[in-house]
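Subject: the structure I promised

Hi,

Have a look at it first, then read on.

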Amino acid sequence: MIKPKLMLIAFMLVATLRLQAQDATVKGKELFGDMRARHIGPALMSGRVSDIELHPKNDRVVYIGAAGGGVWKSTNGGATFNPIFDEYCQSIGAIAVDPTNPDQVVWVGTGEPWTRNSVTVGDGIYKTNDGGSTWQKMGLEKSERIAGIQVNPKNPNEVYVAVLGALWSDSEERGLYKTTDGGKTWNKILYIDKTTGCSDLIIDPKDPNVIYAAFWEFRRTAWSFNSGGSNSALYKSVDGGKTWNKIHKGFPAGKLGRIAVAVAPSNSNILYAVIESEQDKDKGLYRSDDAGASWKFTNGDFGLVVRPFYFSRITVDPKNPDVVVKAGLLGSISRDGGNTFKNLGTMHADIHDIVFDINNSDRMYVATDGGVYRSWDGGTTMEMVENLPLSQFYQISVDNEEPYNVYGGLQDNGSWFGPSSSPGGVEARDWQVVGVGDGYRVLRHPTKKIIYSEMQGAENVWRYDPVKNEAKTIQPLASKGDPKLRFNWNAPMAISAFKPDRFYMGSQFVHRSEDMGDTWVKISPDLTTNDPLKTEQGKSGGLSKDNSGAENHCTVFTIAESPLDENIVWAGTDDGNVQVTKDGGKTWTNVVANIPGLPKNTSCWHIEPSVFGKGTAYAVFTGYQHGDQKPYAYKTTDFGATWKSVTSNDIVGFVRNIQEDYVNENLLFLGTEFGLYISVDGGTSWLKFTNNMPSVAVHFLDLHKKTNDLVMGTHGRGVIILDDVSPLRQLTSETLAKDFHFFPIKPAIMNESNGFGGTATETQFVGANASTNAKIVYYLKKRHTIGKMTAEIQDLNGNKIADLDAGKAKGINIIDWNFATKPPKIATGKTFAFGGFTAPRVPAGTYKVVITKGKDVFTNDLIVQYDPKSNIPVADKKANEEVTKKLFDMTQDLAYLVYEVDETIKAAETAKSKSPSSAKAINPFLNELNKLKETLVITTGDNYVGMGEPQLREDLSELYSKVASTFYKPSAAELDNLSAIAERMQTAKATLKKAKEKHNAKLNEVLAKNKLEPIILKPFEEFLKSSQ
Amino acid sequence: MKRKLLMIAAGLLVSTAAMAQTADEIIAKYFENTGGLDKWKSLKGLKYSGKLNQGGMEIPFENYVFKDGRQTTIYSLQGKTIRSNVFDGKDLWSDNYMTMKAEKSDAETTENFKQEAADFPDAFVDYKAKGYKVEFLGKETVEGSETFKLKLTKKPIKVDGKETENVVYYYFDATEYVPLVMETEIKAGPGKGMVSQVKYSDYQELSNGLIIAFTQAFGAKGGPSQPITMTSIQIDPTLDAKELAFPAGQ
């Protein structure tokens, strides 16, 4: 027997286990129900792709790993791709397809190995045993960057992993790892030191005991980069990784930098290596014809030596050892064993990986900063994959147009804006370019059609008029006596809620312009630490100088003017200061020292002044550039004198951005490196939002004031929108305790647009539109599984108007209603009357939503309104509704008339067949009926070009549909047409009446005589309900 | 004393682990909770009747499925009858919407359909005898609910001439032991490569005591879904063979 005390301990143990299992993701899934994010891309410029892998036997299957957008799989030879890794870290380093079980087993190493300043981190290695449907993390959680994975082609349990490791700090989890049990355990089989990682890895395809591994000494800080050192080297093992030797015979002397290595699959004695070295003359491609025993320099062209930290990979044609390609600025190909090279065909610059098709070397796939390209002619012509929305936004903003536009800048892909919705979906053609280079902030002038955009380091800041297509550069310039202005690579801009022409920019100073950037005034001293050791970017790069401006440091990184007081301005710096002025810049106070638990010099990434108090603001910080990946987000209510943390243990990964709701101060949104988190309790606890929301780095958040849409700029999956977050404002513990809770339904406005759109082809990405339907939102405490649950719309008298499909998920459910009632009952003909598929809209008014769940009935009012901005007067809409109703009724009347004719024909035919002698008497009736029917509905042909001549039903339903589909008052032509049709209806009715008067008695007589059923027509109402 | 405590705690953990489900236990419980495996096995056919709601327009349909794989779906639209996925054991055909005439599916689709049709009444019935494999992949929160995820590997199908694996994932409610969601990769057509999803709800009892989902919502994972709700499900219906035969000389 267990004693009570023991029981208690045991119980607590189990309780703890349960608590741990309830992580933020699971809790989020339980609450957010079917609230679902939508993706609008764009994909036309795509985004950085770090790795491509092919299925070794099936040339239709292609995997790509994006720098920030996850793993995508194509099953149609690269025509289109689908994401298969959304729930996990989206920064991908390397993919490997198991050669022995390629349909099932795929490995994914997270953490991009192309170590630019904006590169993010991975969180280990994953494996799928079912072709990508489910994934298991297989360890190496602290590896940060995985540069290569090789699976032994003869033993799938033996896998080698090149761990490049931490970029911004020392780390012992780097080097070459090996598992012999399919990833359950790992051995670090080759390790150099805390600063040197394994940057490339290949095993001899003919002998899996032969392994080549390149090691690279490297380090990045926020203000510099160093590539190379005495530890960089190329190693070879011939015993499955037990022993290793450097293979440097013929290599340049001195320190080495990044090295890439490739084995020719068709002749494994032939190797190529690209080497970064001390002397420029030695840098380039080396070839070995003796499996690495000795090397010869072959070529040092720009294309082979440019930016080794960013472009390193070499690939050898699987069929020809003399054809070798090198990733680079433009990509290079040699067809003479590496002696001479030419550029690959025109495509987006910055090539990271190139692969040859398994069967046909003319077919190639290339990974670039702008997506994936395919070639059909050996790399001469490059064709872009158009359905990869991998765009990497640094920042986004929105305007007040309807639908609103989203503005933002992208890694190496300029600046853009595009609509949040567009007829037919948000397509490539909807996006407009508003800046070149790398794009960052893009802001719309609050009142004018003017857009501010910028490129890296504020080299250009544009004031752009998209109507006239005129751009002027307006960046602040150094005045007399100014020091050199230090702009961040991603320089801050801000506009004012008070003065529309006011425009802020930040260097080490805050600059303010009151005339849209023509005149600038410095309104602050140097707000940074101005540390001279952190401002020597000219020396950055290591063995290959790399002074792109990306390492500019001690700069202002974020500026925000309070929405409540134009004299309150916040500025955060990349070297960890938080400065605030309450007097429009006359005096500034650095309040960062008041923040508890924040390590010194942690970059202030974003400051969000609150709408709930002048002294209230949120600040988020990122320490990953110091190797610190903890989340830092704080709130002050007293201008920074005191701060409290608004993070919790629920959050995984570091924070990039925060957004406060405008209505409920406790509703917060957090953009983190691994996705979106939402707090409904002011930051005490956080839930991860995962519904159609990948674990992607959310760099920027904005909450649209009118629509309440949360708009996210992700660094790898484009713009993602969570439509109308207002239900989240209502979430209280009382709400959550109820079995069912109706959220107040907002008055729904009937959208009048009915134009054209949708020009994308099957292989192009199309972003999802926001729904324009009425939204009925409720909370279910438990998923509805057993028993019946229905939803319907009723009028205020309880008459059913429409059936809806009830959402049944646990958590928040959203039902859409398109304001449509049921379409009319249509006369049966030989073909369809397409106009008859139109369902009439309800008039504006109040309706009831009725949800029946088992025995429980829940109701809520729904107000339907006409669009107040419509140009169509309400009286016209009423006229439309009146005529629609008339046509609707006429359509059903005609259906009944045809039914009557059909039933009579049927009876007459039956009578005739039963009593052939009556034919003479019945035939004239039948002839008249059939003749009449031929004028009522189409009785011949098909639904396409074989269709018969339109008759009364077709003309009537066309007119009905024409009127019912718009809000316009029916035109004179339509009304004339209506009276002509009404007249035809009358004539038809009269014709039937006349024929029946003349012949019905006889027919009834024959029927009775032959003991046949008399003609009994269903009453009109019953007929309407029947499926006849 | 301390050691004893630890042992008890460890024992408790072990028993927690032992409580973990096996795929066969989940399947057994599913059949047990929905009327019993014998009842499932004795089914000869089902007739589903319902209405498809297309933005207000209701399209009545009847779907007959028989144990021997024969099946048909009959829609009624503007008084016209449209037949879709009619399978008489040999030919798979549907009415062409333009001509309203029957057309056969291509040989590969027919072959795959025939293979799938043999699953009646449920893929898990006698799955081992059918050569299927089931794996329990663990717990997952789906539709806000805790579920058991099962992987069902069926016989491969052919896609554009290539043999392709045929895997379906089922998420069983962890309390009720009935499927909430079924997922499978779309193998052909415009959605190729995407994951299709069917959500099951409104489980209700049939006249013979079997419990079946009356609502099935179809969609792509992560996207909206189109629910289809049955108004009735009839057991062991009859249907004239000529309704299933490919119409000759149309």
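Let me start with the helices. The axes of helix α5 (residues 874–914) of chain A and α6(A) come within 10 Å and cross at roughly 155°; axes here are lines fitted to C-alpha atoms, for helices over the stretch in contact, and angles run from 0 to 180 degrees between N-to-C directions. The crossing of α5(A) and α6(A) is left-handed, meaning that the near helix is turned anticlockwise from the far one by less than a right angle (clockwise would be right-handed). On the α5(A) side the contact includes L894(A), L897(A), V898(A) and V901(A), and on the α6(A) side I922(A), F925(A) and L929(A) are among the residues involved. Contact means C-beta atoms, placed from the backbone, within 7 Å. By class, the residues divide into 14 nonpolar, two polar and two charged, where Ala, Val, Leu, Ile, Met, Phe, Trp, Tyr, Cys and Pro count as nonpolar, Asp, Glu, Lys and Arg as charged, and the others, Gly among them, as polar.

Before going further, the ground rules. This is a predicted model, with local features needing pLDDT of at least 70 and side-chain atom pairs counted only at pLDDT 80 or more, while totals for chains, interfaces and linings use all residues. Residues are numbered from 1 along each chain as its sequence is written, and chains are lettered from A and ligands numbered from 1 in the order in which they are written.

Helix α6 (residues 919–936) also packs on α8 (residues 972–1009) of chain A, at an angle of about 150° and with the axes 9 Å apart. That makes α6(A) roughly antiparallel to α8(A). This crossing is left-handed too. Among the residues making the contact are F925(A), L929(A) and L932(A) of α6(A), and L992(A), A995(A) and H999(A) of α8(A).

Now chain A as a whole. It has nine helices and 66 strands, which are DSSP runs (H or I, at least four residues, for helices; E, at least two, for strands) numbered from the N terminus. Buried residues make up 53% of its 1028 residues; buried is 20 or more other C-beta atoms within 10 Å of a residue's own, exposed 12 or fewer, partly exposed in between. The C-alpha trace spans about 115 × 85 × 70 Å along its principal axes.

Which residues touch the most other members of the largest nonpolar core? They are A213(A), A273(A) and V366(A), in a core of 248 residues (buried Ala, Val, Leu, Ile, Met, Phe, Trp, Tyr and Cys joined through C-beta atoms within 7 Å). A213(A) touches L176(A), L190(A) and Y235(A), among others.

Chain A puts 53 residues in contact with 44 of chain B. The largest share of the chain A side, five residues, comes from α1(A). Helix α2(A) has buried residues including A24(A), L31(A) and F32(A), and what covers its buried residues includes β7 (133–142) of chain B. G33(A), with a positive phi near 50°, follows α2(A).

One loop to finish: G254(A) sits between β18 (245–246) and β19 (256–264) of chain A. G254(A) is exposed, with 12 other C-beta atoms within 10 Å, and touches S277(A) and E278(A).

Cheers

Key:
Contact = placed C-beta atoms within 7 Å. Parallel < 35°, antiparallel > 145°, perpendicular 65-115°, else oblique. Lists of a residue's contacts leave out its neighbours within four places in sequence.
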